[in-house]
Amino acid sequence: MTARLQVYGRALLVTTKLGGFITAVASDYALGRLEANARKRAVELRELLGSLGPSFVKIGQALSSRPDLLPRDYLEVLSGLQDRLPSFPNEVAFAVIEEELGRPVREMFAEISEKAVAAASLGQVYKGRLHSGEWVAIKVQRPSIGESIAIDMLLLRRLMGVVDANVAALSQPLVPLVDEFAGRLFAELDYVMEVRSCGRACATLGGGFAWRLNCVMDMHLWKGSCGSEGDEERGRGMGDG
């Protein structure tokens with residue numbers, strides 16, 4: 001019941017905020033003030049998306065590079081949308097690491113930074129040193145971020161479906177765009193895909209990487225040699241040596 005109430009609460013918040021913005025833009029269109037109010041509405045949209053959290057921040061950033069969808073004022077304003085959130089507690093991050101890797105943090109790492117060295121909407125990064133002496137970056141997803149994004153994308157898809165059905169002036173339907181953005185967001189949560197991309201970049205540019213699991217990714221910071229599939233197995237035994 002609590003989870004259902006959370007979804008309903010989120011639905012009310014998203015619908016109210018986005019619905020209010022859409023109504024304002026529709027009013028501008030009806031009054032012939034669409035261009036005159038474009039900058040003002042763009043700022044309102046940036047603040048709105050930022051207030052709705054990671055899913056909508058990412059959507060705003062994606063929209064900022066789509067001149068086929070938005071006027072220049074919107075592109076310029078949304079380009080300033082920051083992908084920064086406060087870091088979540090170390091205890092939570094370390095619990096995720098231990099759950100994913102099945103071993104205590106201090107057993108896997110000889111050293112690990114006391115605080116996250118970077119934090120963004122989807123996760124945060126720690127600096128660590130393996131018992132073998134190699135320095136690594138440890139990337140940890142925010143807990144339940146996948147579920148949060150799934151709920152937001154479902155709500156947004158339904159809301160845009162209503163817009164598609166009732167606004168004839170649209171140059172293209174919005175639901176397929178939501179699907180496109182959702183696919184990109186879930187791709188960013190796929191650490192396996194990301195580490196494979198790192199491997200390809202490593203092979204091209206040099207450097208190395210080790211391994212990655214569902215919610216924790218460890219990337220080696222050494223240079224001059226490229227990680228291979230064998231490094232995945234070695235990574236799982238980080239406490240050794």
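Q: What is the handedness of the crossing in which α1 passes α7?
A: The model is predicted: local features need pLDDT of at least 70, side-chain atom pairs count only at pLDDT 80 or more, and totals for chains, interfaces and linings use all residues. Residues are numbered from 1 along each chain as its sequence is written, and side-chain values use heavy atoms, leaving out hydrogens and water. A near helix turned from the far one by less than a right angle gives a left-handed crossing if anticlockwise, a right-handed one if clockwise. The crossing of α1 past α7 is right-handed.

Q: At roughly what angle do the axes of α1 and α7 cross?
A: Helices are DSSP runs (H or I, at least four residues), numbered from the N terminus. Axes are lines fitted to C-alpha atoms over the stretch in contact, with angles from 0 to 180 degrees between N-to-C directions. Those of α1 (residues 2-30) and α7 (residues 145-166) come within 10 Å and cross at roughly 40°.

Q: Why is α1 classed as it is relative to α7?
A: Under 35 degrees is roughly parallel, over 145 roughly antiparallel, 65 to 115 roughly perpendicular, and the rest oblique. The crossing is at roughly 40°. That makes α1, relative to α7, oblique.

Q: Which residues of α7 make the contact with α1?
A: Contact means heavy atoms within 4.5 Å. α1 contributes V7, R10, A11, V14, T15, L18 and I22. From α7 come I151, D152, L155, L156, L159, M160 and V163.

Q: How far apart in space are L170 and L69, C-alpha to C-alpha?
A: L170 sits in the loop between α7 and α8 (175-189). In sequence, L170 and L69 are 101 residues apart. Their C-alpha separation is 10.0 Å.

Definitions and conventions. Helix = DSSP H or I, 4+ residues; strand = E, 2+ residues; numbered from the N terminus.
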